[in-house]
Amino acid sequence: MSVTKTLETTEQYTVSLRLQVIDNANASEPWGTGEERRSIAVHHDPSLLPGFPLRLGHGGDSQATLVDLQGSGHLDLVFGDTDGFVHAIDPVTRLELPGWPARTAPTQVTKSHAGISPGYEPIVAPIAVGDLDHTGNLWVVAASTRGKVYVIDASGHLRSGWPQTLNLDVYVPPIPRPQLAFTRMPQLGSLSSPVLYSLSGDGKLQIVQAAWDGYLHVFNADGSTFRNIQVARPPDSELDPGAHWINDHKLDSTPVIANLDGHPDIVIRSQWTETTSSGDLAPGGAGFLHAFRPDGTLLWIAKMPGIVEYYGSAQEFLTEGAEDETAAPVFPGGTDQVASGPVLSPSYLFNSDGSNASVYGPLPGSPTGIFLQNAAVCIASPSSCPYSDAELQNFLAGNLPADAPVFFTTGGVFGRLGIPGNLSYSQPGTGGASLASALLFAGSGFAIKNYLTAFDAVTGASTPGFAQQIQGLDFLGSPIVVDVSGDGQPELVVGTDSSALMAYQSGGAMPVGFPKFTTGWALWAPSSGDLLSDGHTDVVQLTREGYIFAWRTDGTYAGDQEWWAGHHDEWRTGRYGVDSRPPGAIRNARLSSSKLTFTAPGGDWYDGQAAGYRVSFSGQPVPATAPAGSQQSITVPAGVTSVTIQAVDQAGNLGPALTVSKSGGH
């Protein structure tokens with residue numbers, strides 16, 4: 001098999017099968033031979049878990065959340081698909097858990113057709129899972145592209161009060177649809193993950209859902225409204241001279257939870273966009289970041305200057321936005337900073353008051369930025385191109401500025417690649433110069449190159465060994481920060497649209513066993529966790545072609561504390577440092593006359609150590625003394641014949657409750 005192709009993990013495993021049928025009477029004629037071709041990938045990866053990859057049969061655009069839904073003692077793969085099913089798959093049996101899959105509502109069509117089923121409302125964005133009521137019971141939260149939010153219990157049943165429809169101020173256009181210049185009215189739909197967080201401060205989680213109607217919908221667990229926050233257009237005073245608005249009401253990114261003023265706030269990158277375009281690619285422009293208190297009070301709007309802006313694409317949420325926000329306490333002081341950016345531009349870091357703190361990537365005035373802006377002028381208006389024919393020929397010969405990455409449809413993450421040390425910020429990007437040259441010299445064969453960047457989060461300087469060229473675009477995705485080599489130090493793990501899952505150590509080297517072959521295109525970020533509760537970190541990724549991959553790595557629990565899922569965690573908060581992983585289930589419990597003994601869960605599922613145990617015979621938690629997998633004993637007062645117990649971790653997350661009597665647990 002070939003090992004010389006540029007796209008190694010796409011090409012080196014490919015075998016083409018050809019079946020020829022020849023008409024002997026006309027063998028010498030062009031029509032005398034018919035041929036059928038089929039390309040397959042022949043590949044064996046011993047690091048795949050037994051039975052993987054699984055063939056889903058539906059589009060795996062979403063990615064898995066790794067949680068123990070039913071107290072089995074190991075983690076399940078929970079995700080939605082584009083046929084409207086929500087799956088919960090046991091990685092040991094590779095079967096759906098009892099009661100699963102669940103499904104969304106039937107897709108409503110304008111006109112039905114005999115023999116064609118429209119199926120169910122698609123789920124594209126990753127789902128969230130959390131203990132909404134702070135009781136130890138997990139709930140699955142999913143949003144469909146048709147603008148509904150679903151809450152499902154651990155047995156696959158829809159919760160009362162759900163689904164909720166995201167349809168405030170939705171515009172229904174007349175037919176024929178009018179031309180609305182630089183305007184996209186509020187629509188019914190969503191392409192964002194639900195975000196779970198206790199905005200009320202009582203431990204119960206609210207659900208924050210961004211939608212195409214231009215609102216942040218905040219719900220309580222029972223489906224009642226906590227708050228509806230409209231993300232309005234910034235004031236006209238924000239516009240630069242000669243610029244105008246793209247009036248796009250939609251919210252496409254997943255909001256981030258950030259501590260801006262001593263309590264959790266909500267920050268989102270809107271689709272309100274500044275441009276100088278008359279309907280094409282244009283230099284300049286800007287995106288905007290909006291910060292709100294949970295009660296809807298606007299804290300600030302931050303302007304993010306762009307290198308170029310593109311209006312008129314068929315997929316405007318990609319070419320005008322779609323970069324998720326992330327937050328972390330980058331500087332001392334007790335508050336968070338927030339990172340986001342406009343399209344085809346750098347990402348910016350903002351302080352808790354909305355002022356700019358740092359920049360990750362090339363600024364508009366950099367050589368790469370200037371080349372990209374000038375290329376935009378040449379494409380939109382060749383007669384106004386600032387380059388002479390000789391300069392264009394020089395570029396065409398390959399003499400280009402530095403291919404500094406700009407960011408397009410991807411999100412960033414925070415994490416510590418070298419411990420101790422400053423936080424790093426990493427984001428997949430597209431080479432600004434290679435992109436400009438490919439657009440400027442269409443048909444020339446210039447390849448658009450893609451990279452994984454890593455910056456010192458404080459200074460914005462590139463970290464040694466980065467940027468690294470990667471195989472394809474990490475479309476709508478981001479890296480995770482997790483140990484996969486076994487040295488205890490986190491690596492950056494990133495998927496792409498070109499059959500590869502790659503990993504990079506802090507100096508840019510690729511650990512042994514990478515890249516992984518995925519057979520196709522992955523959206524969003526992969527997920528990591530100790531699937532089998534054996535002390536090793538596993539990595540899971542779904543592909544749009546409908547395959548589920550799960551790889552065992554040598555990584556350890558200690559190295560899986562940084563950023564382990566899309567938008568950081570199971571709650572999809574986007575905030576570094578959030579602990580969303582509760583203790584696991586208590587197993588093998590026995591109650592004697594004076595002792596309750598059981599196999600201890602961990603503080604994070606079945607790893608680490610719980611902080612303590614809530615027991616029904618005491619008003620105070622009993623401290624945990626045994627690590628995960630060991631036997632824990634608790635002294636029981638005389639006369640107690642039944643005990644209800646559940647583990648609690650340092651963050652106050654609860655494991656599932658178990659009632660144990662002298663005849664056993666239930």
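**Strands and helices, a working chat**

Q: Which strand does E10 pair with in the antiparallel sense over two bridges?
A: E10 pairs with strand E11 (residues 164-165). Strands here are DSSP runs of E with at least two residues, helices are runs of H or I with at least four, and both are numbered from the N terminus. Two strands pair if DSSP finds at least two bridges between them.

Q: What sort of model, and what numbering?
A: This is a predicted model, in which local features need pLDDT of at least 70 and side-chain atom pairs count only at pLDDT 80 or more, while totals for chains, interfaces and linings use all residues. Residues are numbered from 1 along each chain as its sequence is written, and side-chain values use heavy atoms, with hydrogens and water left out.

Q: Back to E11: what is the bridge partner of Lys148 there?
A: Thr165.

Q: And how many bridges join E9 to E10?
A: Five, with strand E9 (residues 139-143) running antiparallel to E10. Ala142 is opposite Tyr150 in E10. The two strands make a hairpin with four residues between them, and Gly147 in the turn has a positive phi of about 85°.

Q: Why is E10 largely enclosed?
A: Five of the six residues of E10 (residues 148-153) are buried, so the rest of the structure largely encloses this strand. Buried is under 20% relative accessible area, exposed is over 50% and partly exposed is in between, with a 1.4 Å probe and protein chains only.

Q: What do the buried residues of H3 pack against?
A: Their partners include helix H4 (389-396), helix H5 (432-440) and strand E21 (281-283). Contact is heavy atoms within 4.5 Å. Phe371 and Leu372 are among the buried residues of H3.

Q: At what angle do H3 and H5 pack?
A: About 15°, with their axes 9 Å apart. That makes H3 roughly parallel to H5; the classes are under 35 degrees for roughly parallel, over 145 for roughly antiparallel, 65 to 115 for roughly perpendicular, and oblique for the rest. Axes are lines fitted to C-alpha atoms, for helices over the stretch in contact, and angles run from 0 to 180 degrees between N-to-C directions.

Q: Which residues of H3 meet H5?
A: Among them are Thr368, Ala375 and Ile379. Residues on the H5 side include Gly432, Ala436 and Leu440.
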